[in-house]
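Colleague: I would like a close, careful look at one single part of this model, taken together with its surroundings. Please put everything into one connected account that I can follow while looking at the structure.

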Amino acid sequence: MKDECLTNYVKLGERIYPCTVSLAMDLVGGKWKTVILYHLQDSPKRFSELRKELFSVTEMTLSLQLKQLEKDGLISRKVYGKKPPVKVVYSLTEFGKSFIPVLTAITQWGNHVVEQKGEFVEQ
């Protein structure tokens, strides 16, 4: 039996997965979810701040990914004010913070890949 899964299937909410790796990738997989979590690990940010830091993501994609991360409990969305323009701030939940060691490992591995096969550049 594999270490990551003690049964043939796992369930989170109403979703059933063939293994815990599949569950994890559903929560944080894709091009932008992990990048968003990376940018929120040090401090909460407004949508516009995230948009500047993730300059190549479209507003629609960022909005959809933030909604999914919030739905899955990895980030929280706090709204300040009642009349437009309101201030909306995104931050990691405790569940989201539990992913920080994985983000650190991914960052270190990415740095290693660049050092071995690429180069760091200024844009």
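Modeller: What follows starts from the overall fold, settles on one helix and its surroundings, and ends with a few places elsewhere in the chain.

This is a predicted model, in which local features need pLDDT of at least 70 and side-chain atom pairs count only at pLDDT 80 or more, whereas totals for chains, interfaces and linings use all residues. Residues are numbered from 1 along each chain as its sequence is written, and side-chain values use heavy atoms, with hydrogens and water left out.

The protein has 6 helices and 5 strands (DSSP runs numbered from the N terminus, a helix being H or I with at least four residues and a strand being E with at least two), and along the sequence these elements follow the pattern β-β-α-α-β-α-α-β-β-α-α. The C-alpha trace spans about 55 × 40 × 25 Å along its principal axes, and 28% of the 123 residues count as buried (under 20% relative accessible area, with exposed meaning over 50% and partly exposed in between, for a 1.4 Å probe and protein chains only). Among contacts (heavy atoms within 4.5 Å) with a separation of 6 or more, 41% join residues 24 or more positions apart.

On the α1 side the contact is made by D26, L27 and V28, and on the α2 side by K33, T34 and L37. By class, this contact has 3 nonpolar, 1 polar and 2 charged residues (Ala, Val, Leu, Ile, Met, Phe, Trp, Tyr, Cys and Pro being nonpolar, Asp, Glu, Lys and Arg charged, and the others, Gly among them, polar).

Helix α4 (59-71) also packs with α2, at an angle of about 75° and with the axes 10 Å apart, which makes α2 roughly perpendicular to α4. Here K33, I36 and L37 of α2 meet L62, Q65, L66, Q68 and L69 of α4, a contact with 5 nonpolar, 2 polar and 1 charged residues.

With α6 (100-117), α2 packs at an angle of about 105°, again with axes 10 Å apart, and these two helices are therefore roughly perpendicular to each other as well. The residues that make the contact are T34, L37 and Y38 from α2 and L103, I106 and T107 from α6, with 4 nonpolar, 2 polar and no charged residues among them.

T34 deserves a separate word, for this residue of helix α2 has a relative accessibility of 18% and therefore counts as buried. Beyond its neighbours within four places in sequence, T34 touches V28, F99, L103 and I106.

A pocket is an open set of points on a 1 Å grid over the protein atoms alone, where a 1.4 Å probe fits, with protein on both sides within 12 Å along at least five of seven lines, and its lining residues have an atom within 4 Å of a point; points are joined across faces, edges and corners, and the volume is the space filled by probe spheres set on them. The lining consists of T34, V35, Y38, H39, L103, I106 and T107. Of these, 4 residues, the largest share, come from α2, while α2 and α6 each supply at least two. The lining divides into 4 nonpolar, 3 polar and no charged residues.

Elsewhere, G73 is found in the loop between α4 and β4 (75-80), where it is partly exposed, with a relative accessible area of 26%. Leaving aside neighbours within four places in sequence, G73 is in contact with T93, F95 and G96, and its C-alpha atom is separated by 9.2 Å from that of L27, 46 residues apart along the chain. The peptide bond from P84 to P85 is cis, with omega near 0°, and P85 lies in the loop between β4 and β5 (87-92). Finally, L6, placed in the segment before β1 (10-12), is exposed, with a relative accessible area of 69%.

Terms used: Axes are lines fitted to C-alpha atoms, for helices over the stretch in contact, and angles run from 0 to 180 degrees between N-to-C directions. Angles under 35 degrees count as roughly parallel, over 145 as roughly antiparallel, 65 to 115 as roughly perpendicular and the rest as oblique.
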